[in-house]
Amino acid sequence: MSALMDQLPALLGVLVGTGGTILATLIADRSRWQRQQAARWDERRLQAYVEFANAVKEVHTYALRIANLNALRHGVDREHALARMEEADIRRTKTWESVLLLGDAASITAAREWRAAVTDIARYARGMTSAGFELAAGLGHANETRDRFYQAARASLGIRGSAVPQSDWLAGKLDIPAQQDA
């Protein structure tokens with residue numbers, strides 16, 4: 001019994017060391033798994049934001065082209081442009097679901113505002129807006145909401161540095177012809 005008592009401190013040391021090693025390994029593995037999961041979801045969130053932004057921008061671009069066609073009365077195929085805008089609108093609707101699923105509250109709110117502003121421009125292009133809608137003001141609003149979406153998305157992804165707002169720069173680039181009466 002005396003030999004066992006002499007060995008007890010060493011045996012306890014081995015048990016405590018083994019337990020500590022197992023605990024440290026479990027903590028390290030859990031931490032590594034959490035980092036991998038966070039990186040995985042950040043990649044998917046980035047993909048959702050990029051696909052949504054591309055789809056909204058595509059609708060915006062077609063709507064602006066159609067609005068300019070309406071104003072200029074060019075011989076360009078308006079129906080073809082409207083069909084392309086509708087296809088882009090379907091992509092925008094599909095990508096919106098990913099933003100809803102993966103985005104944080106600020107990004108979803110900003111995305112919703114940008115989507116609504118571009119929808120107003122698309123309605124104008126289709127000739128479906130109220131009499132008070134002005135294209136230049138609508139474009140300015142869409143550009144401002146776009147900037148807010150990018151700021152929120154960057155914050156959601158933990159991207160350092162601030163986004164460079166484009167709305168002021170784009171406002172100087174607007175070349176919208178005056179609407180002609182039919």
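User: Leaving aside neighbours within four places in sequence, which residues is Ser156 in contact with?
Analyst: This is a predicted model. Ser156 sits in helix H4. With neighbours within four places in sequence set aside, the contacts of Ser156 are Arg45, Tyr49, Asp104 and Ser107.

User: Is Ser156 buried or exposed?
Analyst: Buried means under 20% relative accessible area. The relative accessible area of Ser156 is 16%, so Ser156 counts as buried.

User: How many helices and how many strands are in the chain?
Analyst: From the N terminus on, the elements run α-α-α-α-α. The count is five helices and zero strands.

User: What percentage of the residues of the chain count as buried?
Analyst: The chain has 182 residues. Those that count as buried make up 32%.

User: Of the contacts with a separation of 6 or more, what share comes from residues 24 or more positions apart?
Analyst: The contacts considered here have a separation of 6 or more in the chain. Residues 24 or more positions apart account for 73% of them.

User: At what angle do the axes of H2 and H3 cross, and how are the two helices oriented?
Analyst: H2 spans residues 78-102 and H3 spans residues 105-126. Their axes come within 12 Å and cross at roughly 165 degrees. Angles over 145 degrees count as roughly antiparallel. H2 is therefore, relative to H3, roughly antiparallel.

User: Which residues of H3 does H2 meet?
Analyst: The crossing of these two helices, H2 and H3, is left-handed. From H2 come Arg78, Leu82, Met85, Glu86, Asp89, Arg92, Trp96, Val99 and Leu100. On the H3 side they meet Ile108, Ala111, Arg112, Arg115, Val118, Thr119, Ala122, Ala125 and Arg126.

User: How many charged residues does the contact of H2 with H3 have?
Analyst: By class, the contact of H2 with H3 has 10 nonpolar residues and one polar residue. The charged residues in this contact number seven.

User: How are H3 and H4 oriented to each other?
Analyst: The axes of H3 and H4 are 8 Å apart, and the packing angle is about 160 degrees. The cut-off for roughly antiparallel is over 145 degrees. H3 and H4 are therefore roughly antiparallel.

User: How many nonpolar residues are in the contact of H3 with H4?
Analyst: H3 and H4 cross with left-handed geometry. Their contact includes five polar and three charged residues. The nonpolar residues in the contact of H3 with H4 number 15.

User: What is the relative accessibility of Ile121?
Analyst: Ile121 lies in helix H3. Ile121 is among the residues with the most contacts inside the largest nonpolar core. Ile121 counts as buried because its relative accessibility is 0%.

User: Which residues does Ile121 touch, not counting those up to four places away in sequence?
Analyst: One of them is Gly138, 17 residues away in sequence and 6.4 Å away in space, C-alpha to C-alpha. With residues up to four places away left out, Ile121 touches His60, Ala63, Leu64, Phe133, Leu135, Gly138, Leu139 and Ala142.

User: Is Ser130 buried or exposed?
Analyst: Ser130 is placed in the loop between H3 and H4. Ser130 and Asp120 are 10 residues apart in sequence, with 9.7 Å between their C-alpha atoms. The relative accessibility of Ser130 is 55%, so Ser130 counts as exposed.

Note on methods. Residues numbered from 1 in each chain as written. Predicted model: local features only at pLDDT ≥ 70, side-chain atom pairs only at ≥ 80, totals over all residues. Heavy atoms only, no water. Axes fitted to C-alpha atoms, helices over the stretch in contact; angles between N-to-C directions. Helix = DSSP H or I, 4+ residues; strand = E, 2+ residues; numbered from the N terminus. Parallel < 35°, antiparallel > 145°, perpendicular 65-115°, else oblique. Left-handed = near helix turned anticlockwise from the far one by under 90°. Contact = heavy atoms within 4.5 Å. Nonpolar A, V, L, I, M, F, W, Y, C, P; charged D, E, K, R; others polar. Core = buried A, V, L, I, M, F, W, Y, C linked by side-chain atoms within 4.5 Å. Buried < 20%, exposed > 50% of the residue type's maximum accessible area, 1.4 Å probe, protein only.
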